[in-house]
Amino acid sequence: MKTVSVSQRDTRYVWHPFTPQLDMEPPVTLVRGEGALLFDEQGNSYIDAISSWWVNIHGHCNAYITKKISEQLNRLEHAIFSGFTHEPAVRLAERLLEKVPHMHRVFFSDDGSTSVEVALKMTFQFFHNKGEKKTKVVALENGYHGDTFGGMSAGARNVFNRAFENFLFDVVHIPVPVKGMEKASLEKLEAIVSGGEVAAFIFEPLVQGAGGMVMYDAPALDALLAVCRKHNVLTIADEVMTGFFRTGKFLATEYCTQQPDIVCLSKGITGGYFPLGATLCTGEIYNAFLSADKTKTFFHGHSYTANPTICAAANASLDLLEQEEPLGNIRRMVSFMQEQQQVFASHEKVREARCTGTILALEIKTGEATEYLNPLAEKVHVYFPPRGVILRPLGNVVYILPPYCTTREQLEKIANEIKLFLDTL
């Protein structure tokens, strides 16, 4: 009997995310991981240069996290979180609030998109509970806040959500305050919030991820946050991608003087092991839900809210982030990215080289618009896997966002392969 490979079975039965299905190339079958490497059925290794969609911060199959997960599985794998609690969730909440001290409470959900949904619902109900008619949302152009309907509404109108545009609630978008656009962004925000109807301003701090790794400076964000505070507009920092030292600090908003009212966390929170969302809010917001009127309750939740096994993984990841070796690796990676930014900035095929913390993004000249469907992406998908590197570009923006355990040698290989790729264009 002929053996059917995993990849062949996949093409028969599986629908992959963000992937055109017609004439889809058979996917590479991965069988194991170790550190920054993933291995296929034939034993070929691949450097995971994008942390498996930005989630894996300590490397694959980290022995310490695996051990802590195993220990938790033998104690309590899951339990309802309404009316009950457990040590892993409480400890995780305590630790997150220790690291973000101006926050007061943590609401757990399932992933990055749901952490944003929670933030938006929390904001709308905050003003509803207070009897204030504030229902508008302001967001940055080009943003991405997930694929649930609230997240899509807050995000840019683009290929990700075009089919659902008529179902999304209205959001006012302002220019991203990149160099040269700070004043225009600030003036538009001031004009909008002065009407008194805006409930929230949601933003990806310093780095817009799926929108093409667009980067802007903390002083520009500070100015926007100050305007929101002046006009009683709640600010929501979507730190799903930028959290857990991706920008060099625990949160990107730590570079700011002004601080948000709500912070959304996910991706790296469990070290890349499990999906988990966390929405942190201030005491003022939480207190608006404390009432003898039960209709002011926040009626939101998920079956797997604060799953103890997932929380154990998140606590283990935080354990590692408090040790010198990972922090030293992060500092060295930041230096490497800065070095490479200078190198690529002068390359004739690079329109712009951008760097923030452990993230390096290269906007490649193609003669076509910079967008997600830029055909350069297909060339990248074909070129890099046979050379032992996993990259997933955002159209013509090629970026490096690797696990913190990635060695200098592995980082140099990634950069060198990109240089060789540019020479083929």
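**Notebook: helix packing, sheets and salt bridges**

I began with two helices: the axes of H7 (residues 182–193) and H8 (residues 218–230) come within 10 Å and cross at roughly 10°. That makes H7 roughly parallel to H8, since angles under 35 degrees count as roughly parallel, over 145 as roughly antiparallel, 65 to 115 as roughly perpendicular and the rest as oblique. Axes here are lines fitted to C-alpha atoms, for helices over the stretch in contact, and angles run from 0 to 180 degrees between N-to-C directions. Helices (H or I, at least four residues) and strands (E, at least two) are DSSP runs, numbered from the N terminus.

I noted the source next. The model is predicted, with pLDDT of at least 70 required for local features and 80 or more for side-chain atom pairs, while totals for chains, interfaces and linings use all residues. Residues are numbered from 1 along each chain as its sequence is written, and side-chain values use heavy atoms, with hydrogens and water left out.

**Entry: the H7 contact**

I listed the residues in contact (heavy atoms within 4.5 Å). From H7, Glu182, Ser185, Leu186, Leu189, Glu190 and Val193 meet Ala220, Ala223, Leu224, Val227 and Cys228 of H8. The residues of this contact of H7 with H8 divide into eight nonpolar, one polar and two charged. In this count Ala, Val, Leu, Ile, Met, Phe, Trp, Tyr, Cys and Pro are nonpolar, Asp, Glu, Lys and Arg are charged, and the others, Gly among them, are polar.

I looked up S5 (residues 136–140) and found four of its five residues buried. Buried means under 20% relative accessible area, exposed over 50%, partly exposed in between (1.4 Å probe, protein chains only). Two strands pair if DSSP finds at least two bridges between them. S5 pairs with S7 in the parallel sense over four bridges, and valine 137 stands opposite alanine 200 in S7. S5 also runs parallel to strand S6 (residues 172–174), joined by three bridges. There, histidine 173 in S6 is the bridge partner of alanine 139.

**Entry: phenylalanine 203**

I then checked phenylalanine 203, which is in strand S7 (residues 198–203). Is phenylalanine 203 buried or exposed? Phenylalanine 203 counts as buried, at 0% relative accessibility. Leaving out residues up to four places away in sequence, phenylalanine 203 touches a list that includes Leu140, His145, Tyr216, Leu221, Thr235, Asp238 and Pro260. I also took one C-alpha to C-alpha distance: phenylalanine 203 and valine 176 are 9.4 Å apart in space and 27 residues apart in sequence.

**Entry: the S13-S14-S16 sheet**

I traced an open sheet of three strands in the order S13-S14-S16, with antiparallel pairing. Strands S13 (350–356) and S16 (397–400) stand at the edges with a single partner strand each, so one side of each is left without a neighbour in the sheet. From one strand to the next, the twist averages 15°. S13 and strand S14 (residues 359–364) run antiparallel and are joined by six bridges. Valine 350 stands opposite isoleucine 364 in S14. Helix H11 (residues 324–345) lies across S13, S14 and S16 and runs at about 170° to S13.

**Entry: salt bridges**

I found that the structure holds 20 salt bridges, each a side-chain nitrogen of Lys or Arg within 4 Å of a carboxyl oxygen of Asp or Glu. I looked up three of these pairs and one network.

Lysine 99 forms a salt bridge with glutamate 322, with the closest N and O atoms 3.3 Å apart. Lysine 99 lies in helix H4 (residues 87–99) and glutamate 322 in the loop between helix H10 (308–321) and H11, so the pair ties together parts that are 223 residues apart in sequence. Lysine 99 is partly exposed at 26% relative accessibility, and glutamate 322 is partly exposed at 45%. Arg95, Lys99, Asp319 and Glu322 are linked in a network of salt bridges.

Glutamate 363 is buried, at 11% relative accessible area, whereas arginine 351 is partly exposed at 41%.

Glutamate 417 forms a salt bridge with lysine 413, the closest N and O atoms being 3.1 Å apart. Why are glutamate 417 and lysine 413 separated by about one helical turn? Glutamate 417 and lysine 413 are separated by that much because they are four residues apart in helix H13 (residues 408–423). Glutamate 417 counts as buried at 11% relative accessibility, and lysine 413 is partly exposed at 31%.
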